[in-house]
Amino acid sequence: NSPAGSGNGPGDGGGCTKGSVTPNEVVMIGDSYFDPFYSQAAVDLFANVQDAGSLPANTTYRHYYQGGASMNSGDLQFNIPYQYETEAMTDTSVSMPTDIKVIIMDGGGNDVLINDRTCLTNPPPGNTGCASTIQGVVTRATSLLDEMSTNGVQTIVYLFYPHLDPDGGGLLPMPNTADPTLDYAYPLAEQLCCGASFTSTVPNYTCTGNIGSAKCLFVDTRPAFGDNWATLINQTDYVHPTPAGAQIIANLIWKAMQDNCIAQ
């Protein structure tokens with residue numbers, strides 16, 4: 001397991017093989033942290049990749065993310081595994097929809113925020129029901145990532161969430177325990193991707209590991225966001241990133257991709 005910056009190529013992607021992955025071979029799935037109705041992170045990522053010359057102008061990766069989607073519940077596009085297993089893998093608008101080399105994803109936040117809100121007022125491990133909810137997410141995500149590897153996905157980039165204002169407001173109770181719950185879930189999610197938990201610090205935001213034959217990168221957003229909620233988290237819903245926060249997310253993902261020669 002290694003932090004970002006110790007991957008296979010330099011931070012600017014300059015030593016990487018160019019053009020070995022096409023835009024249609026990169027798929028993004030997840031929830032509202034990517035959905036442009038709530039966050040500009042995916043749009044900003046596309047702009048970063050275009051600016052670097054790794055994505056043609058006016059081109060995006062294939063994307064199926066949906067605001068409100070959960071990892072271990074939800075129907076159709078509101079279920080993140082469905083986004084990959086059905087929407088992406090059977091997309092008739094793509095000539096070879098199953099030819100997916102890179103997955104960029106997030107997921108798990110709505111399993112708490114929408115489906116088990118007891119986690120927002122009583123964190124695990126004391127809240128055993130919440131702990132069970134989080135374990136269900138980890139189990140389903142493990143199965144999903146194993147499936148991706150079996151299907152020939154070469155690299156998975158998994159983004160996880162920043163801390164939120166403990167005073168709450170908007171979509172959150174006032175006050176709330178979103179951060180203790182998130183911190184309980186973080187090492188479990190890191191182990192899913194990297195094989196071990198990882199203490200992320202500035203500027204090392206990322207750990208890497210292997211899931212079958214696929215490489216997995218886990219991106220920790222907490223150090224980059226800190227407690228700058230007033231500027232980086234929307235002060236209406238208190239959950240989603242502001243434009244400045246979304247740009248940070250896009251930059252973290254793109255740096256991890258550059259450092260590890262992903263879709264350059």
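This report covers the nonpolar core and the disulfides of a predicted model.

## Basis

Local features need pLDDT of at least 70, side-chain atom pairs count only at pLDDT 80 or more, and totals for chains, interfaces and linings use all residues. Residues are numbered from 1 along each chain as its sequence is written, and side-chain values use heavy atoms, without hydrogens and water.

## Nonpolar core

The largest nonpolar core holds 80 residues. Such a core is a set of buried Ala, Val, Leu, Ile, Met, Phe, Trp, Tyr and Cys residues joined through side-chain atoms within 4.5 Å. Buried means under 20% relative accessible area (1.4 Å probe, protein chains only). Y61, I103, I104, M105, L145 and M148 have the most contacts inside this core.

Beyond four places in sequence, I103 touches residues including V27, Y84, M148 and T155; contact means heavy atoms within 4.5 Å. T155 lies in strand β4 (residues 155–160), strands being DSSP E runs of at least two residues. T155 has 10% relative accessibility, so it counts as buried. Its contacts beyond four places include K101, K215 and I262.

## Disulfides

The whole structure has 4 disulfides, each a pair of cysteine sulfur atoms within 2.5 Å. One joins C119 to C130, S to S 2.0 Å. Its S-S torsion is about 120 degrees, so the link is right-handed. Both cysteines are buried.

C193 and C216 pair with sulfur atoms 1.8 Å apart. Their link is left-handed, at -110 degrees. C194 bonds to C207 at 2.0 Å; that link is right-handed, at 80 degrees. In sequence order, the bonded cysteines pair 1-8, 2-3, 4-7, 5-6.

Conventions: Buried < 20%, exposed > 50% of the residue type's maximum accessible area, 1.4 Å probe, protein only. Helix = DSSP H or I, 4+ residues; strand = E, 2+ residues; numbered from the N terminus.
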